[in-house]
Every structure is written in C-alpha cells, then in structure tokens.
Amino acid sequence: MKKLKYSDITPENYYINRRNFIAGSAVFSSMIASGLTQNEAEASISQLSPNSLQEITNYNNFYEFGTSKTDPAKYSKKLTTIPWQLEVDGLTNKKGIFDLEKILNNKQLEERIYRLRCVEGWSMVIPWIGFPLKKLIDQMDPKNEARYVAFETLYRPDEMRGQRYKILDWPYVEGLTIEEAMNPLTFLATGLYGKELPNQNGAPLRLVVPWKYGFKSIKSIVKISFTSEQPKTTWSAANPREYGFFSNVNPNVDHPRWSQATERVIGEGLFGQRRKTEMFNGYEKEVGHLYKGMDLKKHY
Ligand SMILES: Nc1nc2c(c(=O)[nH]1)N[C@H]1C(S)=C(S)[C@@H](COP(=O)(O)O)O[C@H]1N2
Ligand SMILES: [Mo]
C-alpha cells in the first residue's frame, strides 16, 4: 500500500491563489475594519519577501534534536510522522485521539507569509501552508469554562536525540489564552513553500503565533487541551524571570540579558542586516486589542 503523505490529501489546496486568499481572509477583513484601506491591508500582508527554503530549513530551533541551529536539519530526518495522532483533552465535548488525516480531511489549506521573530534577536519570513487554529477549536467544541489552550510536543527520545538529555523539561509544552488561540492570525502549519512541512520545522503539525516570540510556536504537536487555569509553558518553567507566559514581541521590553529593540535578519549579508523590531512583530492592528490596558512590562 502506498503511504499517504499529508500533501496527498488535498493537493489542489496547495496551489491556492495567494491574491484570492488575501482578499478573502478574515485577517484582511479585520484589517479593513480597523481602518486600513484595501491597498494598505493587502500591502501589509503581502509585502513580506520570504527567506529562502535553504535558510528556513537549515537555521532552526528545535531542542528535541539538539541545541545548535544546524542540529534539527541534521538529526530530524528519521522522525516518523506517519501515522500521527492528535489527542484532544480537557474542557471539551470532543475528547479523544484523532488521526491527523481525519483532522486535515475537511480543512481548506491557505498560505500565510509571516515574520518569525525569535526571542534570541533574529528573524526570518516564512511562507506557511496550513489553516487557522480557530477552525479546529470550533470543531472541538470547548466548554464555556475553557479559558486557555495547552499544547504538547511529541516525546520520543528514540527518534529525538535531544530528549535523551535534560536540557528542558520534556515534553515541550506551550499555551495561549482562548482569545489568542481564536484570533484569525493564529495558525496551524502543515507545510511551507507549498510543500509538506520539513521535520526540522515541526512536522507534521506546528503552531504559528506570529506576534509572539518564536518559542510560543510549538512544533510536532501531539496534544491540545482546554483548561481553566493558565497552563505550564516550557521556557517560562525553565526561567520565569526571562520568559513569561505572554511573550509578545515588544521592542520596548528588553530581555534581562539583551535588548529587544532590533533584530538580525537571517540571510541578509554575512553579518546579518539589522532591522527595528516592531510592536507585536508588526501585527499590532490585528492583535493589539487583546492586550488593551495590560501592563506589558509586567505581563511579558
Ligand atoms: N517542540 C519545540 N517547539 C519549538 C522549539 C523547540 O525547541 N521545541 N523552538 C521554538 C523556537 S525558540 C523557535 S524560534 C521556533 C523556530 O521555528 P523554525 O525552526 O521553524 O524557524 O520554533 C519554536 N518551537
Ligand atoms: Mo526562538
């Protein structure tokens, strides 16, 4: 039997017309609603010029495979991503373990070109393929008491050599408020550059939260839970003084050990060109309302 790849399921969806996607998307409508003209809204989404596939797949953070930027590309090849199951747990009416094929079956895939800003002070632009997390959450029918969404990465030390060392408290876990999770920008990626997701980028399913530091965008997800209490998150548990639950990109709130005012752009020259880091990584119009009245220095 031919093994079904995730890209085989809805191949026509990989060749979406980006212009049509942008014009029809919820993000686009919300930008227009917040006062941008059609042209401005379109420009702010489509202006980003992506990094090369070479850069995106060879400069990675995925500590399950090692802590150097080249380890994930080197050591993730043997990760088994077929079959893959996703457990849905907690405050939901649809608890269970689901085959990823089944979850992806009825999902229209879209392209989203987002800037990824790592807390370490570098950034790149990645053309993801996937669908809004909201679509899955709506299907999972969370209960009214659900205030947070928790995510968990695969724990498989046989295939993830970094997990044999106690660098972090495995499995890697992350979390969002339910409002953040339901925002139209919040994305579950199954591919990039029109192809299925490379293992080093978090195959077969990873979160992308473009207005937060990269470590919130958890890779190779096996479990999603709905909770009433703020869930544990790996980097905040490892070092709560340096990494908070929110971790919104913010040029005005420095990391205790370095400035967050600028970022090194991966791939632009030998020493990397620097650009000014933008509030909420440039997505303030879309997500600023989520944090109205919040002290962002306190809730970092
Ligand atoms: N499970 C898991 N997810 C993870 C990480 C990790 O080490 N383990 N690293 C995070 C960090 S720090 C960043 S910057 C992004 C990098 O994503 P990319 O390699 O696809 O660019 O993945 C995030 N997701
Ligand atoms: Mo990161």
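Predicted model: local features only at pLDDT ≥ 70, side-chain atom pairs only at ≥ 80, totals over all residues.

Me: What makes the pair formed by T153 and a nitrogen atom of ligand 1 a polar contact?

Reply: A polar side-chain atom of T153 lies 2.9 Å from a nitrogen atom of ligand 1. The cut-off for a pair of N or O atoms is 3.5 Å, so the pair counts as a polar contact.

Me: How do you know that N60 and K219 make polar contacts with ligand 1?

Reply: The side chain of N60 has an N or O atom 2.8 Å from an oxygen atom of ligand 1. For K219, a polar side-chain atom is 2.7 Å from an oxygen atom of the ligand. Each pair is within 3.5 Å, and therefore each is a polar contact. As for cover, ligand 1 on its own has 540 Å² of accessible area, and the protein covers 98% of that.

Me: Which residues surround ligand 1, and where does the ligand sit?

Reply: There are 16 residues around ligand 1, and the closest are N60, Y63, E64, S217 and K219. By class, seven of the shell are nonpolar, six polar and three charged. The ligand sits in the largest pocket.

Me: Why is E284 called partly exposed?

Reply: The relative accessible area of E284 is 44%. Buried requires under 20% and exposed over 50%; the value lies in between, so E284 is partly exposed. This residue belongs to helix α11, residues 284-287. Its C-alpha atom is 7.9 Å from that of W211, although E284 and W211 are 73 residues apart along the chain.

Definitions and conventions. Residues numbered from 1 in each chain as written. Chains lettered and ligands numbered in written order. Heavy atoms only, no water. Near = heavy atom within 4 Å. Polar contact = N/O pair within 3.5 Å; in protein donor to acceptor, adjacent residues only side chain to side chain. Areas by Shrake-Rupley, 256 points an atom, 1.4 Å probe, with all protein chains shown as cover. 1 Å grid on protein atoms, 1.4 Å probe; cavity = no way out; pocket = protein on both sides within 12 Å on 5 of 7 lines; lining within 4 Å. Sits in = over half its atoms within 2 Å of the grid points. Nonpolar A, V, L, I, M, F, W, Y, C, P; charged D, E, K, R; others polar. Helix = DSSP H or I, 4+ residues; strand = E, 2+ residues; numbered from the N terminus. Buried < 20%, exposed > 50% of the residue type's maximum accessible area, 1.4 Å probe, protein only.
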